[in-house]
Amino acid sequence: MGASSNAAPVIIKRKKVVGGDGHHGGAWKVAYADFVTAMMAFFMLMWLLNATTEQQRKGIADYFSPTIPINRISGGGDGAFGGDNVFSEQTLPQNGTGASLHRPTEAHSARGSSGLDSQGAETGSQDEELELIEDALFGKGGESMVTQNALRHVITRVTDEGLVIELFSLEDAPLFEEGTDRPTQLLRDLAQMLGRVTDLVTNPIAIGGHVSAQPIVLAENPVWELSSARAERMRQLFGRTQLDPERIRRVTGHADRTPVVQNTMAVRNNRIEVTLLRSKG
């Protein structure tokens, strides 16, 4: 008994085993969903770039641009109290286009900016007239005056000088016979269409001819004469329409000095630019 009492006691430790590390939450699911959404948006963007025309891509970009109002004409009260709705006068208030009509009378004009400069001249009406031309060309307000086949040869842009209507050649559909100023039937049709649509306004017109660069250096480079001849031919085609010839202020040849694509020899650089100039005074 004495020997047994001197032995060290036996201690048994029981370790508690916990299975797994517990629940991690659903944060990874949110991250994965964001990744899948981003990839879907990316592939949709790639598809749109390949399945749309240049004009359609511009329209999509304008739709998502916060600086371009979807509707340029705002509402507002017209009664004795003359109240405004919450969106009134938010679109282009600096030139007073927040009216209820495209061509508002004094009774229907927008509150706030009068749309006149310090000399009393209209500042917003010219922009509205240029918009009418774009609407007629591309059918924003109804049926387009350009056929779907011809539409791919036309783009527009607004500059400080006015509205530029660009008619350009494509590989399979040129505006002029190669190396000459003889117009194709396509350009004749486009000239007839432009003659009708530009008759909606009275702005003066400028015509500019542009050609692509020659593949080799020539002692007598014909690009100046060719671009000038093509611009003059466009003026003559306008003369066969209802367009008043007195509205044409200048006809200019720009040679190959202002290409629109990086490859200066590309067919896309063969183009005619018809500019509806802003009226002065």
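## Overall architecture

Helices (H or I, at least four residues) and strands (E, at least two) are DSSP runs, numbered from the N terminus. On this basis the protein chain has seven helices and five strands, which follow the pattern α-α-α-α-α-β-β-α-β-α-β-β along the sequence.

This is a predicted model, in which local features need pLDDT of at least 70, side-chain atom pairs count only at pLDDT 80 or more, and totals for chains, interfaces and linings use all residues. Residues are numbered from 1 along each chain as its sequence is written, and side-chain values use heavy atoms, with hydrogens and water left out.

## Packing of helices 6 and 7

Helix 6 (residues 185-197) packs against helix 7 (residues 223-238) at an angle of about 55°, and their axes lie 9 Å apart; axes are lines fitted to C-alpha atoms, for helices over the stretch in contact, and angles run from 0 to 180 degrees between N-to-C directions.

In contact (heavy atoms within 4.5 Å) are Leu187, Arg188, Ala191, Leu194 and Gly195 of helix 6 with Met234, Leu237 and Phe238 of helix 7.

## The largest nonpolar core

A nonpolar core is a set of buried (under 20% relative accessible area, 1.4 Å probe, protein chains only) Ala, Val, Leu, Ile, Met, Phe, Trp, Tyr and Cys residues joined through side-chain atoms within 4.5 Å. The largest has 33 residues, and Ile165, Leu167, Leu194 and Met234 have the most contacts inside it. Helix 6 gives the most to this core, with seven residues.

Beyond its neighbours within four places in sequence, Met234 contacts Leu167, Leu187, Ala191, Leu194, Ile207, Ile272 and Val274.

Key:
Buried means under 20% relative accessible area, exposed over 50%, partly exposed in between (1.4 Å probe, protein chains only).
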